[in-house]
Number of protein chains: 2
Amino acid sequence: MTGSGDTDATVALTDRGFAYGDGLFETVLVRDGVPLLWDEHCARLAQGAHRLGFEPPAKGWLDALPAKAPRGKCVLKIVLTRGSGGRGYRPPLPAEPRCYWQFTSFTPMPERWERGVSVRLCQLRLARQPALAGLKHLNRLENVLARQEWQDDAIAEGLLLNDRDQLVEATAMNLAWFDQGQWWTPELIECGVEGTLRRALIDQGHLSIARASDAPLSRFLNAPSTCLFNSVQGLWPIVRCLDAQHQHVHGQWPIDDSVRRLQGDAHALLGYPSNFPIF
Amino acid sequence: MTGSGDTDATVALTDRGFAYGDGLFETVLVRDGVPLLWDEHCARLAQGAHRLGFEPPAKGWLDALPAKAPRGKCVLKIVLTRGSGGRGYRPPLPAEPRCYWQFTSFTPMPERWERGVSVRLCQLRLARQPALAGLKHLNRLENVLARQEWQDDAIAEGLLLNDRDQLVEATAMNLAWFDQGQWWTPELIECGVEGTLRRALIDQGHLSIARASDAPLSRFLNAPSTCLFNSVQGLWPIVRCLDAQHQHVHGQWPIDDSVRRLQGDAHALLGYPSNFPIF
């Protein structure tokens with residue numbers, strides 16, 4: 001495994017990660033050198049590499065990275081590419097993957113944990129591509145275009161539907177709704193990124209997977225409570241959903257016991273507080 | 001416009017082209033410093049940048065690149081990214097795009113011009129994403145996965161269908177079939193890359209656009225002749241199409257006058273020969 005992690009680290013122009021987005025990434029919350037949901041991040045990276053057809057770095061090699069972090073809270077970004085070589089799109093066999101990493105200091109947003117967030121519906125529809133669904137790969141133009149749809153900082157996130165108007169995720173977070181006594185999140189077998197916090201909440205029995213056909217927008221909008229979450233930001237209750245023009249309110253939700261309970265489960269995994277109000 | 005084109009040129013780890021595939025590229029045939037289909041390449045790059053929401057380099061700036069080429073035939077690869085900055089997927093406003101370039105010596109394959117090629121059907125289906133269709137953007141994992149499906153060098157290319165079983169393109173070339181006295185190529189409003197040679201052949205009236213719904217695989221397989229082309233390789237007649245397992249022949253075609261005529265039109269645009277046999 002070739003690695004590079006200086007602050008002014010650079011990538012070869014020939015790296016297939018740059019040429020084609022032929023690679024994967026992880027963004028890991030690290031607190032005082034201790035990574036959160038580390039096993040989930042390493043497992044997703046390894047599964048992604050296998051699905052793309054190259055070898056992931058050894059777990060032991062990855063395990064040495066978080067200790068290089070500065071004190072306090074930061075985000076460790078790991079980028080794993082297929083390396084250079086091959087002829088055009090044709091990958092080299094065997095590939096010589098490369099791993100890049102970078103630490104960025106990070107401050108979470110407690111007011112979003114406590115008071116929840118407003119979101120909007122994105123106009124962009126996610127394309128359905130089962131060969132890439134679930135992976136945190138480097139082909140993220142859909143997310144970029146969706147995030148580019150709004151500039152209003154009062155809107156924390158944008159919800160993404162697929163081309164069948166089924167709800168999938170937000171631009172950088174997974175989502176869930178409460179219904180019939182449980183929390184549901186859409187399956188991600190046709191599009192979307194399988195977040196590590198989502199994985200951990202499912203594995204612990206706090207979150208159930210809804211089939212895509214059971215995730216029309218209307219079900220979400222009519223649910224008694226809803227939220228967004230990822231492994232870096234923690235869990236944000238959603239209090240309001242606007243349309244793409246920010247003129248109509250499609251849904252409004254209270255911050256009730258059910259969302260505080262899921263938030264507590266999520267924050268226990270990340271070392272974030274779960275007693276509110278904190279202000 | 002920031003530019004970089006040394007042979008050992010590198011990309012910042014923070015460049016959004018590397019992080020998200022947030023950019024575009026062109027591969028231009030250059031002969032003794034003279035670029036072929038240059039206006040088409042520059043136009044596609046500019047249109048792509050506008051669709052992604054950032055400024056392309058000035059035409060005059062691009063015009064200075066091909067003259068830096070070594071003597072003989074080479075390929076000029078130009079990569080245009082949104083540059084660094086922004087917060088996660090959110091692009092910086094305004095962006096500070098970066099342009100990278102690289103020359104690679106190139107030798108075409110006259111035996112493929114003359115004798116045609118065998119192709120196969122890829123198993124991967126292209127996802128339909130109108131927001132990105134036609135662009136030569138840096139999110140090319142579908143092409144990589146499709147090209148990874150076979151290793152047999154006797155198979156020159158792989159044909160790609162979308163998830164509705166409509167024919168779109170090959171992994172790195174556009175395609176056409178002859179029918180009712182004309183050459184047809186699929187519209188690319190839901191997926192696929194709009195090649196510059198395809199654009200020039202359409203503009204000159206040598207090639208017509210078929211609606212996606214008029215491009216089922218069967219129409220292609222039953223056509224009297226078929227071909228592949230791009231602005232670097234020229235035009236290859238297709239003589240045989242195999243299934244994904246390379247066990248069954250789905251289609252066979254002669255190299256007839258109609259394909260030689262389109263090849264002549266294409267090669268006139270690229271300075272390639274059009275009188276065969278040349279061996």
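Predicted model: local features only at pLDDT ≥ 70, side-chain atom pairs only at ≥ 80, totals over all residues.
Residues are numbered from 1 along each chain as its sequence is written, chains are lettered from A and ligands numbered from 1 in the order in which they are written, and side-chain values use heavy atoms, with hydrogens and water left out.

**The hairpins**

- In chain B, strand β14 (residues 234-242) and strand β15 (residues 249-252) pair in the antiparallel sense over three bridges; two strands count as paired if DSSP finds at least two bridges between them, and the strands (E, at least two residues) and helices (H or I, at least four residues) are DSSP runs numbered from the N terminus.
- The hairpin of β14(B) and β15(B) has six residues between its strands, and B:His246 takes a positive phi near 60° there.
- In chain A, strand β14 (residues 234-242) and strand β15 (residues 249-252) also pair in the antiparallel sense, over three bridges, and A:Leu242 stands opposite A:Val249 in β15(A).
- The hairpin of β14(A) and β15(A) likewise has six residues between the strands, with A:His246 taking a positive phi near 60°.

**How the two chains meet**

- The contact, which means heavy atoms within 4.5 Å, takes 53 residues from chain B and 53 residues from chain A.
- The area buried between chain B and chain A is about 4500 Å², of which carbon and sulfur atoms give 60%; buried area is the accessible area (1.4 Å probe) that two parts lose on being put together, summed over both.
- On the side of chain B, the residues that lose the most area to chain A are B:Phe18, B:Tyr89 and B:Leu141, together 19% of what that side buries.
- Strand β2 (residues 10-12) of chain A is joined to β2(B) by three bridges, and the two run antiparallel, with A:Val11 standing opposite B:Val11 in β2(B).
- Across the interface of chain B and chain A there are 22 residue pairs in polar contact, both residues being at pLDDT 80 or more; a polar contact is a pair of N or O atoms within 3.5 Å, where within protein one must be able to donate a hydrogen and the other to accept it, and residues adjacent in sequence count only if both atoms are side-chain atoms.
- Among the elements of chain B, α5(B) gives the most to the side that touches chain A, with six residues.

**Symmetry of the pair**

- Chain B can be laid on chain A with an RMSD of 0.0 Å by a turn of 180° and a shift of 0.0 Å along the axis, the copies being superposed by least squares on the C-alpha atoms of residues with pLDDT of at least 70 in both.
- That is the relation of a two-fold axis.
- The same surface serves both copies, since 100% of the contact residues of chain B recur in chain A.

**Salt bridges**

- Within chain A, the side chains of A:Asp163 and A:Arg128 meet in a salt bridge (2.6 Å, N to O).
- That pair links distant parts of the chain, 35 residues apart, with A:Asp163 in the loop between β8 (155-162) and β9 (167-170) of chain A and A:Arg128 in the loop between β7 (117-126) and α5 (141-147) of chain A.
- Across the interface of chain B and chain A the rule finds four salt bridges, and the side chains of A:Asp163 and B:Arg128 meet in a salt bridge as well (3.8 Å, N to O).

**Backbone details**

- The peptide bond from A:Leu93 to A:Pro94 is cis, with omega near -5°, and A:Pro94 lies in the loop between β5 (73-81) and β6 (98-105) of chain A.
- B:Asp165 is not a glycine but has a positive phi of about 65°.
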